[in-house]
Amino acid sequence: PLFQRAHTLTPGTTTMVTSGGRVFYIQDESPMGFAGLPGQWRLIARDAFNGKLLWKRDMGPWGLEAWSWFTAGHMVRFYNPTHVNRRMVAAKDRVFVTLGYNEPVSALDPATGKTLIDYKGTDYADEIVYREGVLYVSVNDRPQKPLPGRGLNAEPTKENRSQKMIWAIEAHSGKVLWRAGPYTGVTAHSNRLKSQKTLLLVASEKGVFASVDKDSMVGLDLDTGRERFRASVPMTGTTSLLYYRGMVLAGHRTLTALDADTGEIEWTNRIGNLGGNLVNPDVFGLGDLVWTGNYKTMEMTAFDLATGKVARTLSIKDVLANAGHHHRCYPNKSTVRYLI
């Protein structure tokens, strides 16, 4: 669409992925310009070359009505889970998605949108990673919702906070290969959304990696889910976790590079962020460099992957200073040649 629904609401596109010449995204199709109407969220598939509509499916509860206590007003756009963009993965022959905020993971036919399989027991899943025929899914033990309270402040409560398990699932059959946990996860919010945490789940040939609490991350064996290491790294919900060339890179205010086999810290360096506390910091692995962005200096900085020393800087002042908007609603992307 040329315009989204209203500036005071959550961004109208929460997730977008592509595979096999198709693009898939979750879009709010409520009338534009009106903040008081309920959302009309749909999963939409289009031809990635010319935009031709292929199919649509209605989403279950999604958007502010599903995950926030705050559904109207100028500040409402700030109260969204930072990991909502990690709810959908497109592979060659399937699209994996939660068709609602507290729904289980489903596999859809990318050509028709029809459900091929619902993965039993994955209710309340909130992150999906796919690798070589296996799904790695973060599954909560209860529905995710804001804490009780008034305004921003949560009421004091002795309720046990929800915990997460990491499931490894054979994508084609739905067979559960292993489960690991429980883990707490981390949050970007200090308000009533702080109960909705993320593991920043990553899978690679070296294992599965997750931020299990605010002070540590773990590396799990790919085949068994056994914990191979636990490393002390400051983590929040606005941390980025990336595997690249044998390294696990955790970026918050500091970029920390860990050996993916042992969890030993190889180097650290200070970084900035382009989107404040609303999006995860950019961490892009390109060649022998790791790129991050900084809104204060309006630069992209490249660190040498082996040493952590600054190798290059690139000004993005012309992109940000004169754009007429704040840089915060969506994560950035990279290709082997371009930062977008």
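## Contacts, cores and overall form

His-189 touches Phe-78, Tyr-79, Asn-80, Pro-81 and Lys-194, residues up to four places away in sequence being left out. Contact means heavy atoms within 4.5 Å. This is a predicted model: local features need pLDDT of at least 70, side-chain atom pairs count only at pLDDT 80 or more, and totals for chains, interfaces and linings use all residues. Residues are numbered from 1 along each chain as its sequence is written, and side-chain values use heavy atoms, with hydrogens and water left out.

His-189 sits in the loop between strand E14 (176-183) and strand E15 (202-204). Helices (H or I, at least four residues) and strands (E, at least two) are DSSP runs, numbered from the N terminus. Phe-78 is 111 residues from His-189 along the chain, yet their C-alpha atoms are separated by 9.9 Å.

Thr-256 lies in strand E21 (residues 254-259). Beyond its neighbours within four places in sequence, Thr-256 contacts Val-233, Val-248, Leu-249, Ala-250, Ile-265, Trp-267 and Thr-268.

Both residues are listed below. Buried means under 20% relative accessible area, exposed over 50%, and partly exposed in between (1.4 Å probe, protein chains only).

| Residue | Relative accessible area | State |
|---|---|---|
| His-189 | 13% | buried |
| Thr-256 | 6% | buried |

Next, the cores. A nonpolar core is a set of buried Ala, Val, Leu, Ile, Met, Phe, Trp, Tyr and Cys residues joined through side-chain atoms within 4.5 Å. The largest has 23 residues, and Phe-24, Ile-26, Leu-43, Trp-62 and Met-88 have the most contacts inside it. Strands E2 (22-28), E3 (41-47), E5 (88-90) and E6 (95-98) and helix H1 (64-67) each give two or more residues to this core. A second, separate core has 17 residues, among them Tyr-136, Ile-166, Ala-168 and Leu-201. In soluble globular proteins, nonpolar side chains tend to be buried together.

Now the whole chain. Its secondary structure comes to 2 helices and 26 strands. The radius of gyration is 20 Å, close to the 20 Å from the globule rule for 340 residues, so the chain is as compact as a globular protein of that length. That radius is taken over C-alpha atoms, and the rule is 2.2 Å times the number of residues to the power 0.38. Of the 340 residues, 51% count as buried. Residues 24 or more positions apart supply 48% of the contacts with a separation of 6 or more.
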